Every structure is written in structure tokens, then in C-alpha cells.
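Here is a short briefing for a first look.

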Amino acid sequence: MSSLPKRDNCMIEMQTMIHLSIVFLLFSNALVYRVCHASSYSRLISSGVDHHLHSPINEQPLAKIAIHKTVIALNESASIRSSPLLLGVEEDDDHIDWLNIDLEYPEPSIDDWVGIFSPAKLNASDCSSEAGEWPENPTLCTAPIKYKFAYQSSADYVKTGKAKVTFRIINQRSNFAFAFFTGGLETPKLVAVSNPMSFPNPKAPLYPRLAHGKAWDEMTVTWTSGYNIDEATPLVEWGLKGQTKKLSPAGTLTFTRGSMCGPPARTVGWRDPGFIHTSFLKDLWPNTMYEYRMGHMLLNGSIIYSKIYTFKSSPYPGQDSLQRVIIFGDMGKAERDGSNEYENYQPGSLITTDQLISDLDNYDIVFHIGGLPYASGYLSQWDQFTEQVEPISSVKPYMIASGNHERDFPNSGSFYDTLDSGGECGVLAQTMYYVPADNRAKFWYATDYGMFHFCIADSEHDWREGSEQYAWIEKCFASVDRQKQPWLIFATHRVLGYSSNSWLADEGAFEEPMGRANLQKLWQKYKVDIALYGHVNNYERTCPIYQNKCVNSDISRYSGTVNGTIHVVVGGGGSRLSNFTEINTFWSLYKDQDWGFVKLTAFNHSSLLFEYKKSSDGLVYDSFTISRDYKDVLACVHDGCEPTTLAT
């Protein structure tokens, strides 16, 4: 989409004098509670698992704003004007709008900035007692959804005191207001507020996320709305394309501030998540096109519907057909209007997203193995992320894995005692997305796609031998019928196999500590073809390897006995790229410090094509093939043989 708004630039003149009612709204509910300063969010708390914090929380752009220190200094000479007050009317999608904001201020500074707040009542009872005690009396205690500095949109702002700032807004279940601040991000002074604006139906069902159910012939549809079950019944209307449709009910989940484990999710990052609904579409015909739309039946019997989407159902497990899989980690979220991002943290996010959107016809399912929005406790960013990937997740199963930025927080039961989730402690990921896990708080699950069997592990929970997850991993490997599903894929967020990343090399292991030491016997015993990881933000592929030895000298064509597993780091989905060590790792066949993703194509039961593509151009930069028969999977290899007897 173009970065310019579709409507012309004429604006509705608004009052430069802020009405006393706005002042009242700002000061109402300003209670005395506690918030930890943003800089403290990146502090690593030592625990039983001593691990370096590779992606500090304060890289979240919203964490730079000390919003709780805001001073109200409304200025009659300052003005912030925007139009229209009803959003989405002139756009192709009625849940998106581009707005030009006109600023005027007689004492301009390079530190002046504009933030978007939602709800428009900037201090709408957000200083909850659940947050704890604040060290001072905050007048504002919720961060904006996004922000821009005035000078970055208008180069002569500091001279003229006038700027035109462009924002892209999406429907997030409430109204919006723009606020103009001086004093920079650390000592903000609120000098002007716009009138409220909203979408025609803030509660509308939006941002569908498809995912496999627990059965091969089941697809789940998850979406977000503002409708609780006491005012509307959620449902999905669906059926074969062009035929009579049926209705399926949906379950509804939400959570409160008290569900968060700490700041900023519990304090300045909190925002009401609305309601998350999931419907299960069952008894699907294999490889068949379906249509669906989400809806809410109101108390008067009328139904509010979304637009119509389509999806193709999964093949029967073991079915011989063309099957194409996309895998990547660590995409993150970025803004198409250029807001929020001032340290180049996720510059590749939209590049990867747009490349996958442009290529929708050429793959069937997506695995995003951790590193989703990098919200780090700023909950509004989950809406932004689900909207960003909606063109993909609404038409393809979008399977996710849990990573450090989704799960980790001290005293939350995470295997790593870091602050990486910003207090979310897994609640957002396991609620916003469906995965076919027995317990979604323990984010490990198996799923099939035709000739593929996927075992998706949770690196943020203990995987070591003797643990609950270790037993599940072995069960997942052992349960696959390799004659019907020859391609056995293991994936998780952190690198439990091999990586030449610099900070892993500095730790002396080229992996997460205790990773392959505990799991390589399972990879070998059950002849896992490929193990994929995120967390390290680059691309790397190893030789087929077992016990630190390459067991096959080929580089791009593998055939015959499965005597080792190929390990792949594919964490370059969009976040800041990671450096490689200068140490020559003999097992590393290809490295690339760029944004990209992996595509697996199963042509039949004997032929698999692996491709690494750059997000920038969609071209293939690394590839290999696997060709083999069922007997090659059964063949005895070192530490991968069934016990035998001397019976004749």
C-alpha cells in the first residue's frame, strides 16, 4: 500500500482551545500506583538458568516513553487538527485509514512528538490497583499505540512551528485521539489533544487467524472483536465455495490486567485486548477450497459479518500431492507509516510480510516459530501484528511457536528467567493464536500436512531428558508412520542444535546450553530430517550431522540412509540481524546475514526440495534436495537401530 493517504489533504478546522471537558478526562482516575521505569525492564534477573539477555526490552520503541511522568501543560497557542472524525469511510478496507495531522506550536523543538491514544479518553481508569503502587501521581499511565516526532515529517518544523504528520490507523475496538507533546520522550508535556475519532463499528470482527485443529480434517478460525458473549453470539458462516453455507459456533476468551505477570504489560503497556473467538470447522474434504466469514449475532437476531475469506483444506495425512511449507522466526512488527521505529530494530518485518503476501499462490501453510510482534508488554502491538499478517493468516494456516519474547518472565515458570516478554508471560500468544496443543500454556504440539509430520517444541519450557516435554517430543517422533509421512520436521524457537552466531560462540557451545546434548539421541533414533530454529536473527544450514560430525559429504543432494539431521537457523524473519562468529565452524555449509525464510516442497514420498529465499527479492540463495525410499528410513544407522536377537 502506498504511504500516502487516498483522500486529499483538506482538514477540518478544529478548536485551538482545548475544552475543559478534555482536561477533566485527562485528570480523572489519576490514582497513585507504581510503575517500573522502562530502563529497568531490560535488567536480567539471575536464576537457575544463567543466560544472556540477547534482545533487551528497552528496544521496544514504546518503552522509551516515560508516559507516567507526563505533565499536563495545555497551551491555547498549540493546535493539533485531523479529519475525518469517522474513520475508514473512504478506504478499501473499512478497518484502516490514513490520516494527515496538522500541528502548530509557537515554541517548536526537535523533541516535540505526536502520539495516538486509544481510548481517546487518555486516562480511562488505566491506573488499576492491580498494577501496584506508583512512586508519583501519574496523570497519564498508558502508553500511546504509536508516535512520531514532528521534525521527522516536516524538516522545517523547528523553524516554522508547523508540521504535517501522516499516520496509518487500524480498528482496535475503541475511539482514538492524537496528543501533542513537548519535552521529548523522557519528560513529556502534553500541550494539545485532538477531538476523538472512531471507525463506524469499533467492535467489528477482524484479523482472522487460521490454524490446524487437532484432527487433519479440521481448521480453526480465530479472530478479535469488541463483542462479549452477553451482547452477541460469535459464529462462522462457512462452506464449499459457491455452495450453501452453514454456521459453526465459536468460543470466546479474554484476559485482564491481573493475568499479566509484571510491567510493562501490567502497567503502562496494558490495553484492553477485547475478545478473542475461535471456531472449529470440522469434517473438511481434503485439498478443497472453502469460503468463510466471521460473525456476531446480536440480541435482536441480526448478524454483523466480516468480509468473505477463502482457504484450502489440508491433504489427508500421507496423501501424495504437491505440498509447500513456509518456515521462519523472529518477524516482529513494523509500521507502514514509519512510526515507532527509531532504532532500525525490525526493518525487515514488512519486507518479509510483503514477500509472502505477493507469493500466496505458491505455498500452503506457514510456521512462524517464535518472535511474533516483539510487543514486550505493550499489548496494543498485538492488534498491529495480527493486522499486519492478516493477508496471510486469513487464507493459510498460520502455525506459531512460543519464543522468549512471548513467554519469558521471572517467576512465571519459564525455563529462562529473563524479562523478555515484558510481563506477558505467554498469555497473549496462547490466547491470540490457536495451536493444537493439549495445554496451550505448554506450547508444544504435533500437526500433519500431507506427507509432512511436524513436531513443534517449546524452547521456553524444559526439554531435557526426564522432563514432561522430552517425553512428549519422543512420543511425537515415534508416532509418525514414515511410510506414509516420510518427512519428519522438528522446530522450536531457540537454537537447540547448531549455530555459528557470535554470542552463542562466545558462550562456547554454538547452541543453547543443554540443547543437542539432550535431544540429539532422539533426532538420531527417529531419523529426523530437518531441525529448524529462530531466535538467532540470520540464516545458517549445517551438514547432516550427529555428535558434532558431518555424516554426509554432499552439499546439495542427499539420498539413501538417514544417518544424521540437517540443522537450520531461520531467524531472519524481520528483526535486527545477528552477527556470525569469525570461528570456522566446519559443519556450517551456508550462512547469510539477511532477512529471509525457508520453503519446503514435497513433490512425492521420495523427493523433498529445501529452499532458502531472501525476503528482499524472493529468489533462492541456498537449496538442497533429499531423495530416498522407505527402506532408507528403516535402514540401521549408528544409535538409530532397533534391538535385534539371534533368533533364526
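A charge counts as sitting over a ring if NZ of Lys or CZ of Arg is within 6 Å of the ring centre and within 35 degrees of the ring normal. K614 meets this over the face of Y621, at 4.8 Å from the ring centre. The model is predicted: local features need pLDDT of at least 70, side-chain atom pairs count only at pLDDT 80 or more, and totals for chains, interfaces and linings use all residues. Numbering starts from 1 along each chain as its sequence is written, and side-chain values use heavy atoms, without hydrogens and water.

**Charges over rings**
- K396 lies over the face of Y363, at 5.6 Å from the ring centre.

**Aromatic pairs**
- F280 and Y434 form an edge-to-face pair, because their planes stand at 90 degrees, with ring centres 5.4 Å apart.
- F280 is in strand β13, while Y434 is in the loop between α8 and β20, 154 residues apart.
- Y434 is buried at 9% relative accessible area (buried is under 20%, exposed over 50%, partly exposed in between, with a 1.4 Å probe and protein chains only).
- F280 is partly exposed, at 32%.
- W113, F117, Y147, F149, Y151 and F181 are linked into a cluster by ring pairs.

**Overall fold**
- The protein has 12 helices and 32 strands (DSSP runs numbered from the N terminus: helices H or I, at least four residues; strands E, at least two).
- Of the 648 residues, 62% are buried.

Definitions and conventions. Rings of Phe, Tyr and Trp (its six-membered ring) pair if their centres lie within 6.5 Å; planes under 30 degrees apart count as stacked, over 60 as edge-to-face and the rest as tilted.
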